[in-house]
Amino acid sequence: MTTASSPLNGFPDRVPPAEVEDVELYHAKSWITRWVFSQDAKIIGIQYATTATAIGLVALVLSWLMRLQLGFPGTFDFITPAEYYQFITMHGMIMVVYLLTALFLGGFGNYLIPLMVGARDMVFPYMNMLSYWIYLLAVLVLVASFFAPGGPTGAGWTLYPPQAILSGTPGGTGSGIILMLVSLILFIIGFTMGGLNYVITVLQARARGMTLMRMPLTVWGIFTATVMALLAFPALFVSAVMMLFDMLLGTSFFMPALVEMGELAKHEGGSPLLFQHLFWFFGHPEVYIVALPAFGIVSDLISVHARRNIFGYRMMVWAIVIIGALSFIVWAHHMYVSGMNPWFGFFFATTTLIIAVPTAIKVYNWLLTLWRGDIHLTVPMLFALAFIVTFVNGGLTGLFLGNVVVDVPLSDTMFVVAHFHMVMGVAPIFVIFGAIYHWYPKITGRMLNEAMGQIHFWVSFLGAYLIFFPMHYLGLIGVPRRYHELGPTSFIPESAATLNAFITIVALIVGAAQMLFLFNLAWSIRHGRPSGPNPWRAASLEWQTPETPPGHGNWGDTLPVVHRWAYDYNVPGAAEDFIPQTVPPSDTAATGEHR
Amino acid sequence: MIVAAVLVLVAVGSVAFHFLSPWWWTPIASNWGYIDDTLIVTFWITGIVFTAIILFMAWCVWTYRARPGHRASFEPENRRLELWLTGATTLGVAALLAPGLIVWNQFITVPAEATEVEVVGRQWLWNYRLPGPDGVLGRVDVRLVGPENPLGVDPNDPAGADDIVVENDDLHLPIGKPVRVRLRAIDVLHNFYVPEFRAKMDMVPGMVTYFWFTPTRTGQFTAVCAELCGLGHAVMRGGVVIVEEEEYRAWLAAQAGGTRRVAAAR
């Protein structure tokens, strides 16, 4: 084996000896331990993804109901103000935590990390299994709150006290808020078990030759997001515990002396702002916990389907790490008009706008990967392009809201709703769609139906843009968010109601298109075109498994050995337009120059 | 072809919507034109970047489409290009941040001559309190709130004896005079928001917050609540009337009922 030096990382082509012996896996002895209480990360990943999608459907239905109310206020008697607030609260919490976080980290993380780094499984399979079952329990507790007396909490997904635990808020004094907080606590416990697995697997169980700087960006994104989640979720954990104490034990962590429905409440001395700081210390990193896996995955989708190396790989890795670190010192940009000391505004506006620089670098590098590429407009690529459009749009409106004084008129208006849906709703979900179309063949051995995929793409992309782009302008008028009806308000023109009705109609259509997608997922398992092991001719490790779908232990008898990064596409002199990571340098004419 | 065309349409359509749609901010009625200016600068910079990026993407999708005989070029990185782009982005971000921070400094620095009014949020209505002839608002304590003392004014503080509490009327303010709006809530978070004034700030039980502005246009303005405060959030409306100085004095003089109320609670 030659030791040709690489122009990319300055290291010789290094394949170290195996330091850790190949592990003996737990082998399931029964159907139950194989498919239900499974310790195989691939099964756990599918379990996570299925559960997240199921609860995501609930969130989708909730969004339909709230859009019906906003588009045609007064038409639907069965939607009361209380229910409207319960819908928006549960929609937000489900989408952010139980769908996006769980799907990216629990779903894609579990399925892809071992395969992409060349491991047989996660390092702690039993704990990994527990992680899923505790997540499922958290989801069930959340669902239970719909059936609780008084219904689920309607405090908004931010759960700001004091109102979250007072009688003026739906579910505020009943079991709604308690079940919400308990569910979050369970989710965090479950996530921590999975998260430690993902991090340690990446650090300890990579195949020989899989240096950190050879890992696909998908793994970098999920890895960094998981580290962040392990640091950020504890802040939410303690705020949930403290709020439960305030409610059940009469403590006053977040509760000052206040009047509740004309009576002096039994609290004194607490700080509502303390909760907001804790919440956003979690909440802002949470945005990137969702975004970084999307960044990573979309980088790989673009590279594979444009048949070109990802542009500026090292910059991309560092941008992910720097964004992850910076996201811990920007949280109070959610609180510019919260009443916190206004001098904080200078600091948090500066850090927030600095984060735009590494984020912009990522956008440039995606574009420069397309540039001079050989672009195949497959469904995964289409979703990747749609991600860039919506992410750039939503990222740029972040420059409005992050720039403290511009945020003053816009905060708490529909502009904010439009911004965060575009940047952390629509954009990451497009990546999820792209990723499913991309990896479905590896998971099932069959392709998803292309025609259904095209319809799903066009309706989702154009529809989502038509929903959320005009919505910014409602916020510019001054339409506040979290209003179940606008009512007669002097500064809101009649035409705003027309726009709201339009948005509702488009939202119903986009929602319906997701049913087609789910049908495609089910239909193609049996009727999809057989894909073979590597339909996209991709270079990364998961496409080089001996079996498709990968078997128990992933790699057959011997673990793979990695000789190159995951982006050797159209290497000059190479016979094929891609070189898998497992191909040694001596096996290709192109090695001398390009790894 | 279709994909590239749609991308162009998205870019051009977004710009056209921005200029042609009827939905735009309310005509301003305060001194915070600076905020509007910063917003316009932000629209221009981000609009140009957005259009450039989407059009470049459309061009790439068309020019580098897969076709027989076409290959991608292998180019792992390009240090100069990456540094150049990073530098340009940093400059653009600084161009947004600098004016933003300057205007923020104005926003949080209340002029010495500003008079003070208090707005108190409660589920789900607004009350106001104006200082009497002494020009000072008396101490308050939420534990004193009751039917006779809706804002919890401390009867033992002489400064509060002449305070004027407005319960069932719009807040009136004189045009052209800077006013510091002292914000309190007695139950949950609220946010006193008049879009025409541009300024807003949360009201937090247990704290006193503020913003300031100078009314620049007479008229009747609607105040809404901009922080989720429970079931009645969407119907929590108030009014602010900006009037000429003489009219304001006449209104103030007519508010004697509030004064009596505070005195009676003593």
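Two strands count as paired if DSSP finds at least two bridges between them, and strands (E, at least two residues) and helices (H or I, at least four) are DSSP runs numbered from the N terminus. The views below come from a predicted model, where local features need pLDDT of at least 70, side-chain atom pairs count only at pLDDT 80 or more, and totals for chains, interfaces and linings use all residues. Residues are numbered from 1 along each chain as its sequence is written, while chains are lettered from A and ligands numbered from 1 in the order in which they are written.

**View 1. The open sheet of chain B has 5 strands**. Reading across, the order is β3-β2-β1-β5-β8, and the pairing is mixed. β3 (164-166) and β8 (209-213) of chain B sit at the edges with a single partner strand each, so one side of each has no neighbour in the sheet. From one strand to the next, the twist averages 25 degrees (axes are lines fitted to C-alpha atoms, for helices over the stretch in contact, with angles from 0 to 180 degrees between N-to-C directions).

**View 2. Here is β2(B) with its antiparallel partners**. On one side, 3 bridges tie β2(B) to β3(B), with Leu130(B) opposite Ile164(B). On the other, 5 bridges join β2(B) to β1(B), and Val120(B) has Asn127(B) as its bridge partner. β1(B) and β2(B) make a hairpin with 2 residues between them. Strand β2 (125-130) of chain B is mostly covered, with 5 of its 6 residues buried; buried means 20 or more other C-beta atoms within 10 Å of a residue's own, exposed means 12 or fewer, partly exposed is in between, and C-beta atoms are placed from the backbone.

**View 3. β1(B) and β5(B) run parallel**. Strand β1 (residues 115-122) and strand β5 (residues 179-185) of chain B are joined by 7 bridges. One pair to pick out is Thr115(B), which stands opposite Val179(B).

**View 4. Chain B is assigned two domains, domain 1 and domain 2**. The bounds, from an automatic or database domain assignment, are 2-65 + 80-108 for domain 1 and 115-265 for domain 2. Their centres, taken over C-alpha atoms, are 38 Å apart. The contact takes 8 residues from domain 1 and 13 residues from domain 2, where contact means C-beta atoms, placed from the backbone, within 7 Å. The domain 1 side has 5 nonpolar, 3 polar and no charged residues. In this scheme Ala, Val, Leu, Ile, Met, Phe, Trp, Tyr, Cys and Pro are nonpolar, Asp, Glu, Lys and Arg are charged, and the others, Gly among them, are polar.

**View 5. Chain B meets chain A**. The contact uses 81 residues from chain B and 96 residues from chain A. Elements of chain B giving two or more residues include α1 (2-20), α2 (33-63) and β9 (219-225), but α3(B) gives the most, with 14 residues. By class, the chain B side has 50 nonpolar, 19 polar and 12 charged residues.

**View 6. Helix α10 (residues 356-370) of chain A has 15 residues**. Of the 15 residues in α10(A), 14 are buried. Just after the helix, Arg372(A) takes a positive phi of about 65 degrees.

**View 7. Asp568(A) is buried**. Asp568(A) lies in the segment after α15 (495-527) of chain A and has 25 other C-beta atoms within 10 Å. Its C-alpha atom is 8.9 Å from that of Arg307(A), 261 residues apart along the chain.

Terms used: Two residues are in contact if their C-beta atoms, placed from the backbone, lie within 7 Å. The expected span of a helix is 1.5 Å times one less than its number of residues.
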